[in-house]
Amino acid sequence: MEKAKHLGLRIDSETHKKLKSLAEFDGRSMNGEVLYLVRQAISRHEQTYGILTSHEEPCDSNDKERP
């Protein structure tokens, strides 16, 4: 089994509180809730634009955030 990747995430205090409440409501850990939400976003994207492909390329620190 592949080792899980680590992702550091900085969020403001209000978003953190709301995420914690959402996770508790759904019976998940905060990490589990974030993973669930990311998977849901990927699924919606793929339904609209097609299947995403996996790339093992390093991230470019000069990439701009997309809206």
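A salt bridge here is a side-chain nitrogen of Lys or Arg within 4 Å of a carboxyl oxygen of Asp or Glu. The model is predicted, so local features need pLDDT of at least 70 and side-chain atom pairs count only at pLDDT 80 or more, while totals for chains, interfaces and linings use all residues. Residues are numbered from 1 along each chain as its sequence is written, and side-chain values use heavy atoms, with hydrogens and water left out.

**Exercise 1. Find the salt bridges and work out which residues they link.**

Step 1. Start with E33, whose side chain meets that of R28 in a salt bridge with 3.1 Å from N to O.

Step 2. Now turn to D26: this residue also forms a salt bridge with R28, and the closest N and O atoms are 3.2 Å apart. The count by this rule is two salt bridges.

Step 3. Assign each partner a burial class (buried is under 20% relative accessible area, exposed over 50%, partly exposed in between, with a 1.4 Å probe and protein chains only). D26 is partly exposed because its relative accessibility is 31%. R28, at 29%, is partly exposed too. E33 has a relative accessible area of 1%, so E33 is buried.

**Exercise 2. Place E33 in the fold and list its contacts.**

Step 1. E33 sits in helix α2 (helices are DSSP runs of H or I with at least four residues, strands are runs of E with at least two, and both are numbered from the N terminus).

Step 2. Look for contacts, meaning heavy atoms within 4.5 Å. Beyond its neighbours within four places in sequence, E33 touches L19, L22, A23, D26 and R28.

Step 3. Take L22 from that list. L22 and E33 are eleven residues apart along the chain, and 7.7 Å separates their C-alpha atoms.
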